[in-house]
Amino acid sequence: VRVGLPQPYGSNDGVAGRTTAVLVDVARLSSARAEGLRTGLADLTRALPPTDRLALIPLAGDTRPVDFTTTHARVLDAATALTLRTSPTWSAKQDAEAVESTLGALGRAAVMLGAEPGVKTLILVTEPFAVSGRLRESIQALGELVARNRIALYIVLPHATAVAAGNGINALAAGTGSMVLPLGSWSTVVAQEHARVELTLSNDEALDAGTMARALVTTTRPGLVA
């Protein structure tokens, strides 16, 4: 909540310069997903306000990341140079190891993004995966990191393939409070984030120590879900 109205009110009006990082799971995304990835990023950048900062972070490969920038075209240019997986054979063991690496990188990105000011969004572009007990522990730890750093996490797929309810994608979404978006829905991230409200509570120095106080939070915006 930003101070802009008389006390005891606050408002999110005037929020500018949001920060978004797009993490691309290049080790697991096949080259057939390249067009969907570029299309999704184009939809995202068209929806972003020009003051928003955007970064592109490949989770593996030789392509260097694009640091946070308001020149969104740099991200689109870098996306065309991403090297996605070209191997036609990909074993279950290889995939499990790659997923574990991806979750570790996602956690490090959450810590990094947590140090940034303002409203923060993390987008993971990845494929569905099988979930195991070990990965569930990683997802639980990741959920704690995302919550601690006040990050909104979105999982987007560069294709229209339906994801089964028991897939690791849905387990990751449930464990981190994130949303799964299919091909063609990337701009939804921006719409969701502009509807997001963050509250900050501060101590009332006039109250005696140990006194219990109640706070009533309400909104006049229709359709807002707390």
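Cavities, sheet and helices in a predicted model

About 60 Å³ of space lies in the largest cavity of this predicted model.

Reader: How many cavities of 30 Å³ or more does a search of the whole structure find?

Author: The search covers the whole structure and keeps cavities of 30 Å³ or more. The number of cavities found is two.

Reader: Which helix gives the most to the lining of the second largest cavity?

Author: The lining here consists of Asp-25, Arg-28, Val-99, Thr-102, Leu-103, Leu-124, Thr-126 and Phe-129. These divide into four nonpolar, two polar and two charged residues. The helix that gives the most, with three residues, spans 92-114 and is α3.

Reader: Which strands are the edge strands of the sheet?

Author: Six strands form an open sheet with mixed pairing, in the order β3-β2-β1-β4-β5-β6. An edge strand pairs on one side only. The twist averages 20° from one strand to the next. The edge strands are β3 (66-69) and β6 (179-181).

Reader: Which residue in β2 stands opposite Val-22?

Author: Strand β1 covers residues 19-24 and strand β2 covers residues 53-58. The two pair in the parallel sense over six bridges. Opposite Val-22, the residue in β2 is Leu-56.

Reader: At about what angle does helix α5 run to β5?

Author: Helix α5 is made of residues 168-176. It lies across β4 (120-125), β5 (151-156) and β6. Its angle to β5 is about 170°.

Reader: Is α1 roughly parallel or roughly antiparallel to α2?

Author: Helix α1 (residues 34-47) and helix α2 (residues 73-80) have axes that come within 10 Å and cross at roughly 180°. Angles over 145 degrees count as roughly antiparallel. Therefore α1 is, relative to α2, roughly antiparallel.

Reader: How many nonpolar residues are in the contact of α1 with α2?

Author: From α1 the contact takes Arg-38, Leu-41, Ala-42 and Thr-45, and from α2 it takes Val-75, Leu-76, Ala-79 and Thr-80. Two residues of the contact are polar and one is charged. The number of nonpolar residues is five.

Terms used: Residues are numbered from 1 along each chain as its sequence is written. This is a predicted model: local features need pLDDT of at least 70, side-chain atom pairs count only at pLDDT 80 or more; totals for chains, interfaces and linings use all residues. Side-chain values use heavy atoms; hydrogens and water are left out. Two strands pair if DSSP finds at least two bridges between them. Helices (H or I, at least four residues) and strands (E, at least two) are DSSP runs, numbered from the N terminus. Axes are lines fitted to C-alpha atoms, for helices over the stretch in contact, and angles run from 0 to 180 degrees between N-to-C directions. Contact means heavy atoms within 4.5 Å. Angles under 35 degrees count as roughly parallel, over 145 as roughly antiparallel, 65 to 115 as roughly perpendicular and the rest as oblique. Ala, Val, Leu, Ile, Met, Phe, Trp, Tyr, Cys and Pro count as nonpolar, Asp, Glu, Lys and Arg as charged, and the others, Gly among them, as polar. On a 1 Å grid over the protein atoms alone, a cavity is a set of points where a 1.4 Å probe fits but cannot get out, and a pocket is an open set with protein on both sides within 12 Å along at least five of seven lines; lining residues have an atom within 4 Å of a point. Grid points are joined across faces, edges and corners, and a volume is the space filled by probe spheres set on the points.
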